[in-house]
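Me: I would like to learn how to read a few features of a model, one at a time. Could we take them in turn?

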Amino acid sequence: MLDIAFAKPALPKSGALVLLLEEGANGDSPTGTLLAAADEATGGAVSRALAAAEFKGKRGQATTILAPGAGLSRVVAVGLGKVEGIEARHLEDAGGHAAAALAREAAASVAAVGLSGAQAAHVAMGLALRSYRFDRYRTMEKPEEKPKLAKATVLTTEVPKARDGWAGLKAVAEGVFLSRDLVSEPANVLNPAEMAERCRKLEALGLKVEVFGPKEMTKLGFGALMGVAMGSANEPRMVVMTWNGASAGAGKGKAKAAAKPLAFIGKGVTFDTGGISIKPAGGMEDMKWDMGGAGTVIGLMAALAGRRAKVDAIGLVGLVENMPSGMAQRPGDVVKTYSGQTVEVINTDAEGRLVLADVLWYCQQKYDPRFMIDLATLTGAIIVALGHEYAGFFSNDDVLSAQLHVAGEVTGEKVWRMPLADAYDKQIKSDIADMKNIGGRPGGAITAAQFIQRFVNGKPWIHMDVAGTVWSGKDAPTKPKGATAFGVRLLDRLVAEHFES
Amino acid sequence: MLEVRVGRTAPAATATARPMAEGAALPEGLRAAAAADGFTGAAGTRCDILTGQGRVLLVGLGSGNDEEALRQAALREAGAQAASALIGVAHVALDAHGLSPQEAAAFAAGACLRAWRFERLRTRAQEGAPRLAAIDLLTDTPDSVEAAWRVASAGVRGALFARDLVAEPGNVLTPQEFAARLQPLARHGIAIGILGQAELERQGLGALLAVGRGSVHPPLMAVLRWKGRIKAPPVAFVGKGITFDTGGICIKPAEGMEHMRGDMAGAAAAAGAILALALRNSPAPAIAVLPIAENATGASSYRPGDVLRSFSGKTIEVVDTDAEGRLILADALAWTARQHKPRAMVDLATLTGSIVTALGHHHAGLFDNDAGLAAKVTAAGLAAGEPVWRMPIGESHRRDLDSTIADLRHCLSGRLLPDACHAAAFLREFAGGVPWAHLDIAGVANRADAEPLHAVGPSGFGVRLLDRLVATCFETA
């Protein structure tokens, strides 16, 4: 991760300087304290360059001035728009724009003058989030081709407050990076066993990590999850990560009466060929990110533990590989889920809901959670419905839904509620079993949610279909293209806002 | 529509339908039969009993209908159940004793909606053809029930008018025939104007003209006006009226193309809604603007890559000629906004396959530029039994429409695209500053399965929603 430091505002003697500038009162000349200093030191070069570039300080506007003088290698001006009422996500975006413009610099000073310490911390968050890169498998890249930025010093008048804010945000950023790493890994490296091993490493953060293998899951009766897994040579796993941030250490020596935990459940299909209902070859490589829901849950648990969140939370991930083979599950097979309900498998490529069915039922039965939120790269239908800007979500709880929606607006990880209704549930009636695993094209994401709802046993629940949002083909201010870790910051925010004691 | 009489007796009826709440006590003579059949009054269930006094059909209302709106919805579905079960009986009594006038009217409305069939093109009697033609609505308070029925029946008639249009095949219902079918609305006090091709050219509705160019039946735009009584700008309904959609040069696959005769369901619904307002003499001024064209594959068809100049002045790059609905709506919306300055615009269109993948057949997609209007439309849909679900127009959806040659392109090509959102983002550009809602009814306008309130085929979706919307939100200045 980018090394972040905070310091009192002062014009650096050398290197790169980022000026976060407010849109001018008349829309013409942007304002900012260090702008004047930089201008003076460079004999007016900075303001002349900004005028030439028609830089007005509008939100999202960014301009680079190379070697303006005074020993500076570059000045990057990033517009904040109006600072009054500015939101954290706008500051993070500004940090992201700055980081993108600093790839050729090893270190930079970022002037967050005029912003509070808490706001400066969000600028740092943006710098860090955008600087992420997954380059483990690049062996031939020349040093000059690699992004260099390693250290950013955020200049603020409220250094201690900024450090405090960053401490919590840094833990979240680490959760985001863990999630991005997992989602970026190719499937020949990240099989279920390897993914479970990476979860185990979270014990270092104080999480309790339990790993279930095929023997344990067979004994429990996870017929749906095991049915998906049986085509692959790579054994399945279920991992349960427990964070007791509220009940443990709540009082001095007195264990607090344990509140019900929050539960997050992720689909972790480490590679999805579709199984016997095999997918077309074009684009199949994307299916390495079919564990994106689990990747988010793991990143979220790391974030909660990393920032010592005062909450009891559990994360469960069902990890399987969906392969066609002589041992693979067939269309027409009937499996018995852990809940006892039977499922006719019409299409082996609708495997995610089968994995979730067993893990959700286990979760609600074993932990009686306050709510369950599952995340899954579940359907193409949700992409046809909403595209890549929003994740779709489904819920049986209006209050929790409203809270999630707001958290999405605040973090910029936007979600849109989609409907559930009995009329859709009828589409998954089976002639031979309690239900079938697909309901046809119309409302394809909805019928998947109806299926999952049959395994939540009436508990407060949200299902997030993140098929359109876990991976991005385009750079965004705080998300370089590739794995987005969508949901980590959203759910961290949801927890922080409503569920911490 | 069924002939409906409100009265205390039903001498001509040979069967009686009685609604029954779950767990309610039954009269002595029916108790044993109902028990033998396991009938408890659960929603969606019925029990057909032959007694010494004639045939009695018990229809379950379910439980928990403690709000008036829920009771009306349950009775509407019960009436539909009755019509479905007794479709072979010519004259049926609906027992509305003990119901409020509005509930009684909902009971009859459900029966009329469910009993509708389109038999005009059959020349030979079919075995088992529907015979249900008349209903006696039994009540002790005929005057108040009659008054409630006058209101409810307006929406039903409007919906059935729309269905009759939607059912007609493309060789019958050309744009010119569509316009001709609107003429009889004049006798209800609706003013009808038709803008023919020459007028469209004069006014510059270039997008509508381009879509219609491939057909030998030229495009037109129909404008229906209901004056109302209050002093306020009109509410506008804009409906997509593609009388047949081949897809044009981007021709559709042959399989299922016959359903494209129903691609004018939005226009039909908008016309039906105006009829409903007129029939119940609504005080609200309203207009329906119906861009009507055939999207044919021909030597003069517009092409992918063409750039059109729309009525608004904005230029549009055509990507896929099968995304023609948003083009004709773009002109109609911009024209309506400029010429009539409405207080709100609602458009209806069988617009995208994407909305069917998104929401299936049980909600229409709702997009808007005004959250307040969206909430009103949602509430009206719920009350009318025509549910809608609000969908987003995100920044990315609009950004995706940036064109390399024109002001915007009207769709994208490729797989797994949020085309319903793209279409809505496109339409929003033409709504001017008018509060606007867009209903993508592709999944609900025409059904391969019977639904509670209609047989297989057209639903008339939107008519009763709009009628309700006007009644609750636009009848005061």
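Me: In which loop of chain A is Glu203(A) found?

Reply: First, the ground rules. This is a predicted model, in which local features need pLDDT of at least 70 and side-chain atom pairs count only at pLDDT 80 or more, while totals for chains, interfaces and linings use all residues. Residues are numbered from 1 along each chain as its sequence is written, and chains are lettered from A and ligands numbered from 1 in the order in which they are written. Helices (H or I, at least four residues) and strands (E, at least two) are DSSP runs, numbered from the N terminus. Glu203(A) is in the loop between α6 (192-200) and β7 (208-212) of chain A.

Me: Is Glu203(A) buried or exposed?

Reply: A residue is buried if 20 or more other C-beta atoms lie within 10 Å of its own, exposed if 12 or fewer, and partly exposed in between, with C-beta atoms placed from the backbone. Glu203(A) is exposed, because 12 other C-beta atoms lie within 10 Å. Its C-alpha atom is separated by 9.9 Å from that of Trp243(A), 40 residues apart along the chain.

Me: What does Leu205(A) touch, not counting residues up to four places away in sequence?

Reply: Two residues are in contact if their C-beta atoms, placed from the backbone, lie within 7 Å. With residues up to four places away in sequence left out, Leu205(A) touches Ala302(A), Ala305(A) and Gly306(A). Leu205(A) also lies in the loop between α6 and β7 of chain A, but this residue is buried, with 20 other C-beta atoms within 10 Å. Between the C-alpha atoms of Leu205(A) and Gln450(A), 245 residues apart along the chain, the separation is 36 Å.

Me: How many residues does helix α5 of chain A have, and what should they span?

Reply: The expected span of a helix is 1.5 Å times one less than its number of residues. Helix α5 (residues 159-184) of chain A has 26 residues and should span 38 Å; its end C-alpha atoms are 35 Å apart, which agrees. The bend at a residue is the angle between axes fitted to the seven residues ending there and the seven starting there. In α5(A) there is a kink of about 30°, centred on Ala167(A).

Me: How far does helix α3 of chain B reach from its first C-alpha to its last?

Reply: Helix α3 (residues 101-115) of chain B reaches 21 Å with 15 residues, close to the 21 Å expected. This helix is mostly covered, with 15 of its 15 residues buried.

Me: How many helices and strands are there in chain A?

Reply: Chain A has 15 helices and 19 strands. The radius of gyration is taken over C-alpha atoms, and the globule rule is 2.2 Å times the number of residues to the power 0.38. For chain A the radius of gyration is 24 Å, close to the 23 Å that the rule gives for 501 residues, so the chain is as compact as a globular protein of that length. Along the principal axes its C-alpha trace spans about 80 × 60 × 45 Å. Of its 501 residues, 56% count as buried.

Me: What share of the 477 residues in chain B is buried?

Reply: Buried residues make up 58% of them. Chain B has 14 helices and 20 strands.
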